Amino acid sequence: MADLPSVLNLHNGRLAFLAGRPGDFFNAMGADNYAIVEKRLNVLQYGLCVKLGDIYLVSAFPMPPSDRGVNVVCPLEFRALREKHDFFEICRTPALACEITLQPIRRYSGLLDASIIFSDILVVPQAMGLVVEMLPAKGPHFPDPLNEPADVARLKETVDVNTELKYVFDAITLTRKELKGQVPLIGFTGAPWTLMAYMIEGGGSKTLTKAKTWLWKYPEESKALLKRITDVCVEYLVGQVKAGAQALQVFDSWAGELSPHDFAAFSAPYLVAIDFGVREILEREGISPVPLILFAKGANHALGNLAGISGYDVLGLDWVIDPEEAIKAVGGEGRRVALQGNIDPNVLYAGKEAIEREVKLWADGFKGSAGVKPKGWIANLGHGITPGVDPDDLKWFLQCVHKYSAPY
């Protein structure tokens with residue numbers, strides 16, 4: 001096994017080769033040991049990880065849990081809770097967040113081997129002092145966004161994540177307990193650029209005109225704000241590990257809205273800072289490292305650079321890059337990082353025949369030169385599940401991933 005090119009990590013040049021349950025994989029990881037994926041873990045977003053093979057790495061998710069995602073994955077179970085509780089009320093109530101996190105594990109029993117905590121990337125702006133609402137049929141809304149640099153003064157000078165985001169940590173600890181070792185648990189945060197864009201735009205946007213204008217009109221003030229967000233994200237992720245998260249994901253959902261030049265100036269440095277910042281604190285405090293995963297949607301142009309300058313163990317892909325191109329970009333079959341992705345989520349509307357055909361296509365695309373099996377690959381949709389997907393078609397997707405992995 002030592003010659004496998006699917007090495008995921010990086011620290012001190014040591015590898016851990018572990019077989020058995022996913023929980024065994026994570027529990028056995030020591031401070032000096034990372035791991036490889038030999039029979040890669042195949043994953044679906046919103047906390048759904050497909051169990052394949054006998055060596056595991058819990059993986060990445062194109063988008064964090066949301067109303068939309070869980071409503072598709074577990075429609076009846078989730079709607080019963082949403083009828084009684086506001087979205088952020090669920091996020092802030094550990095027992096409710098735990099329950100929703102567990103729902104996919106129950107519904108897809110035997111197909112899944114990991115879970116991602118139910119929360120939202122926008123709890124970070126809330127912790128920093130901004131009001132964020134989740135409006136029905138509209139999504140996130142900031143009643144009083146940052147309109148000009150002077151508005152940054154409205155943010156808290158210091159953010160104590162152990163106070164402001166304690167409810168997330170409590171939800172993680174409770175969920176780890178309720179999972180009873182069945183599967184590992186993933187924590188996450190939004191990336192600084194994506195969070196900053198929300199804080200300025202006041203919600204979702206098709207153009208990000210306000211946020212991008214800040215970058216060009218107020219470049220130094222923008223970098224200062226990105227640094228403040230980065231510092232909070234680092235402390236937040238470390239807190240999640242202390243609470244029990246066994247892997248971490250960073251979502252840069254709007255990375256693709258930036259030109260390569262602007263991505264290099266206003267996103268990449270802060271993504272790298274999160275990676276190194278989290279690892280440094282964990283090492284300093286004697287806490288075993290966990291896998292870090294980055295999904296910078298639409299920034300496929302930066303894959304090679306991110307693989308070279310950061311220590312992320314997994315880089316996520318959207319569906320607009322071919323496997324061969326992605327593999328080549330990050331160093332070929334001997335690459336340091338694993339790749340996650342990248343089936344178009346809309347295929348879930350196309351029926352079982354098309355789903356099976358696409359799964360096979362992508363599985364074949366990630367095979368090594370020997371053509372035997374995919375290596376260093378985590379199967380995933382290239383972005384979030386959209387409304388209207390039949391949960392039975394989702395289940396078929398998972399079954400197809402199993403089917404086209406088992407023979408390898």
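**Figure 1. Strand β9 in the predicted model.** Strand β9 spans residues 247–252 and is joined to β8 by five bridges, the two strands running parallel. Across this pairing, isoleucine 186 has alanine 247 as its bridge partner in β9, and glycine 190 stands opposite phenylalanine 251. Strand β9 also pairs with strand β10 (residues 292–296), again over five bridges and in the parallel sense. Here the bridge partner of phenylalanine 251 is phenylalanine 295 of β10.

**Figure 2. Strand β8 and its pairing with β5.** Strand β8 comprises residues 185–190 and is mostly covered, six of its six residues being buried. Leu185, Gly187 and Thr189 form one buried side, while Ile186, Phe188 and Gly190 form the other, so that both faces are covered. Strand β5 (residues 115–116) runs parallel to β8 and is joined to it by two bridges. Isoleucine 116 has isoleucine 186 as its bridge partner in β8. Isoleucine 186 is in turn bridged to alanine 247 of β9.

Figure 3. Seven strands form an open sheet in the order β5-β8-β9-β10-β11-β12-β13, with parallel pairing. Strands β5 and β13 (377–381) stand at the edges and have a single partner strand each, so one side of each lacks a neighbour in the sheet.

Figure 4. Threonine 101 lies in helix α5, which covers residues 94–107. With a relative accessibility of 3%, threonine 101 counts as buried, because the limit for a buried residue is under 20%. Beyond its neighbours within four places in sequence, threonine 101 is in contact with Ser115, Ile116, Ile117, Phe118, Thr175 and Leu185. Among these contacts, Ile116 bridges to isoleucine 186 of β8, and Leu185 is one of the buried residues of β8. The C-alpha atoms of threonine 101 and leucine 179 are 9.6 Å apart in space, although the two residues are separated by 78 residues in sequence.

**Figure 5. Helix α9 and the glycine that follows.** Helix α9 (residues 192–201) is mostly covered, with ten of its ten residues buried. The buried residues are Pro192, Trp193, Thr194, Leu195, Met196, Ala197, Tyr198, Met199, Ile200 and Glu201. Just after the helix, glycine 202 adopts a positive phi of about 85°.

**Figure 6. Helix α13 and its packing against α11.** Helix α13 (residues 268–284) contains 17 residues and reaches 24 Å from its first C-alpha to its last, close to the 24 Å expected at 1.5 Å a residue. Its buried residues are Ala268, Tyr270, Leu271, Val272, Ile274, Asp275, Gly277, Val278, Arg279, Ile281 and Leu282. The axes of α13 and helix α11 (residues 219–243) come within 9 Å and cross at roughly 35°; the crossing is right-handed. On the α11 side, the contact involves Lys223, Leu226, Lys227, Thr230, Cys233, Val234, Glu235, Leu237, Val238 and Val241. On the α13 side, it involves Tyr270, Ala273, Ile274, Gly277, Val278, Ile281 and Leu282. An α-helix has 3.6 residues a turn, so residues three or four places apart point the same way. Just after α13, glycine 286 has a positive phi of about 70°.

**Figure 7. Packing of helices α16 and α17.** Helix α16 (residues 352–365) packs with helix α17 (residues 391–403) at an angle of about 35°, their axes lying 9 Å apart. The crossing is right-handed. Lys352, Ile355, Glu356 and Val359 of α16 make the contact with Asp393, Trp396, Phe397, Cys400, Val401 and Lys403 of α17.

**Figure 8. The protein as a whole.** The secondary structure comes to 17 helices and 13 strands. Buried residues account for 60% of the 408 residues. Of the contacts with a separation of 6 or more, 73% join residues 24 or more positions apart. The accessible surface amounts to about 15400 Å², and 52% of this belongs to carbon and sulfur atoms.

Methods. Residues numbered from 1 in each chain as written. Predicted model: local features only at pLDDT ≥ 70, side-chain atom pairs only at ≥ 80, totals over all residues. Heavy atoms only, no water. Helix = DSSP H or I, 4+ residues; strand = E, 2+ residues; numbered from the N terminus. Buried < 20%, exposed > 50% of the residue type's maximum accessible area, 1.4 Å probe, protein only. Contact = heavy atoms within 4.5 Å. Areas by Shrake-Rupley, 256 points an atom, 1.4 Å probe, with all protein chains shown as cover. Expected span 1.5 Å × (residues − 1). Pairing = 2+ DSSP bridges. Axes fitted to C-alpha atoms, helices over the stretch in contact; angles between N-to-C directions. Left-handed = near helix turned anticlockwise from the far one by under 90°.
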